[in-house]
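Hello,

Here is the structure I promised you. Please open it before you read my notes below.

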Amino acid sequence: MTAPVTAPPGGTDGKLHRTLTFRDLIVYGLLFIAPMAPVGIFGTLDAKSRGAVALVYAVATVAMAFTAFSYAQMVRVAPQAGSVYTYARVGLGEGPGFVAGWMALLDYLLIPAVAYLFSGIALHALVPSVSQWVWTAVAVVVTTALNLAGVRTAAVVGFLVLAMEIAVLLVFVACAVFALAEHGARRGWLSPLTGEGNFAMGAVVAAVSVAVLSYLGFDAIAAFAEEAAGGSERVARAVMTCLAVAGVLFMVQTYLAALLAPMSAAELAADPAAQGSAFYDTVDSATGTWLHDLVAVSKAVGAAFAALAGQAAAGRLLFAMARDRRLPGLLSKVDPASGVPRIALLGTAVVNLVAAVWAARRDDGLDRLVSVVNVGALVAFALLHLSVIGWFAVRRRGRELRPVRHVVMPLLGLAVVIAVIVEASATAQVVGGLWLVAGLGVLGAQALRGGPA
């Protein structure tokens with residue numbers, strides 16, 4: 001067994017508290033992903049895949065399993081905070097490690113902002129008398145306070161929120177099954193797996209490139225490696241378990257929604273404006289507005305706590321990079337009472353607040369934020385896969401190398417990630433490229449002044 005790379009010691013400047021259980025890790029992962037993540041993009045995927053939306057999520061789960069597998073390999077090698085930054089640093093070297101961390105930062109800072117904005121939009125729809133940006137700011141403040149209170153406190157509250165989200169999902173499933181038993185399906189029973197009309201694999205693949213973005217967040221579990229009781233094996237198992245649970249939840253809800261959808265996939269494709277509300281329209285037509293409102297409340301609260309998990313993961317990434325002197329050392333301070341990187345969390349919260357409130361006050365704010373997230377994480381995933389190969393095949397010089405596990409699987413994962421990056425919007429590619437150039441500039445400046453090699 002490869003000896004793990006241990007975290008550097010050091011009192012309040014270098015040590016986190018090991019208090020998270022296996023359940024806590026799953027909670028953080030599922031919170032970030034959100035059990036009903038497909039709600040917002042159900043119509044888009046249904047239209048793109050020509051009705052084979054459940055198959056899309058089945059394929060997407062398998063595709064993301066390669067990335068989860070690479071995380072599981074590297075968390076055993078380097079059970080530290082920092083996640084992909086740490087793994088790339090260990091497997092490929094300091095420079096690629098910094099680039100991986102820098103690219104992951106783009107998404108870890110912006111994805112929570114998007115989630116906060118979703119929460120603000122949903123709460124404003126429920127209570128229109130309070131401005132959208134006010135609800136957004138309230139969500140940031142409340143969840144930041146929980147993160148600062150300590151990782152266990154946030155995990156306990158997060159578990160209650162996750163239980164609520166899953167309960168709402170179960171209510172939807174029960175109502176959908178009752179509606180199908182009472183009135184039958186509006187589409188063929190196998191159509192969510194085979195599509196309507198002629199099956200088109202190209203259409204499914206195109207939809208998968210969008211669906212995999214629903215899974216971004218399960219990787220946040222690895223960021224808590226230094227706070228997990230039970231060591232790296234427990235973290236690795238949690239990463240794989242979280243992905244599997246999310247995949248099942250996504251497939252079940254999209255299968256049922258597709259059977260009950262009042263519009264066909266072709267009609268949705270011809271009416272892009274109807275795609276965003278397609279899931280809610282399905283709920284309305286099958287069960288009535290009461291479930292619509294229940295799902296909306298669940299999404300509002302769930303989005304805020306997805307941001308909580310993302311903010312916590314971002315704080316750990318900043319902490320790890322600062323501990324290695326890649327970012328200002330102040331960010332590596334650990335609060336002795338709560339055991340969390342308080343300054344790193346506050347820095348993350350400020351970025352979240354500014355980005356989310358700015359977007360909430362603009363008509364096109366959501367589109368602008370959504371258009372630039374994800375590419376950073378995908379580039380970091382690519383470096384993660386290369387890190388597995390780099391560590392086991394190069395740095396370990398073939399010792400303990402298992403070709404399928406340490407070469408074939410990462411290469412398949414790399415191929416999936418590259419395909420998704422190619423399918424990303426031009427705006428996302430440009431922003432990701434500019435962020436990468438900026439990171440290379442920072443790396444070059446550090447090298448010139450004699451920073452970490």
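Leaving aside its neighbours within four places in sequence, which residues is Ala355 in contact with? They are Leu110, Ala113 and Leu369. Contact means heavy atoms within 4.5 Å.

A word on the source. This is a predicted model, where local features need pLDDT of at least 70, side-chain atom pairs count only at pLDDT 80 or more, and totals for chains, interfaces and linings use all residues. Residues are numbered from 1 along each chain as its sequence is written, and side-chain values use heavy atoms, with hydrogens and water left out.

Back to Ala355. Ala355 sits in helix α15; helices are DSSP runs of H or I with at least four residues, numbered from the N terminus. Ala355 has a relative accessible area of 15%, so it is buried (under 20%, with a 1.4 Å probe and protein chains only). Pro112 is 243 residues from Ala355 in sequence, yet their C-alpha atoms are 9.6 Å apart.

Next, a helix pair. Two packed helices are described by the angle between their axes and the distance between the axes. The axes of α7 (residues 132-149) and α15 (residues 342-360) come within 9 Å and cross at roughly 170°. Therefore α7 is roughly antiparallel to α15 (over 145 degrees). Axes are lines fitted to C-alpha atoms over the stretch in contact, and angles run from 0 to 180 degrees between N-to-C directions. Trp133 and Val140 of α7 are among the contact residues, as are Leu345 and Leu353 of α15.

Last, Asp24. Asp24 lies in helix α2 (residues 22-33). Asp24 is buried because its relative accessibility is 0%. Beyond neighbours within four places in sequence, Asp24 is in contact with Thr19, Arg152 and Ala155.

Best wishes

How values were computed. Helices (H or I, at least four residues) and strands (E, at least two) are DSSP runs, numbered from the N terminus. Buried means under 20% relative accessible area, exposed over 50%, partly exposed in between (1.4 Å probe, protein chains only). Angles under 35 degrees count as roughly parallel, over 145 as roughly antiparallel, 65 to 115 as roughly perpendicular and the rest as oblique.
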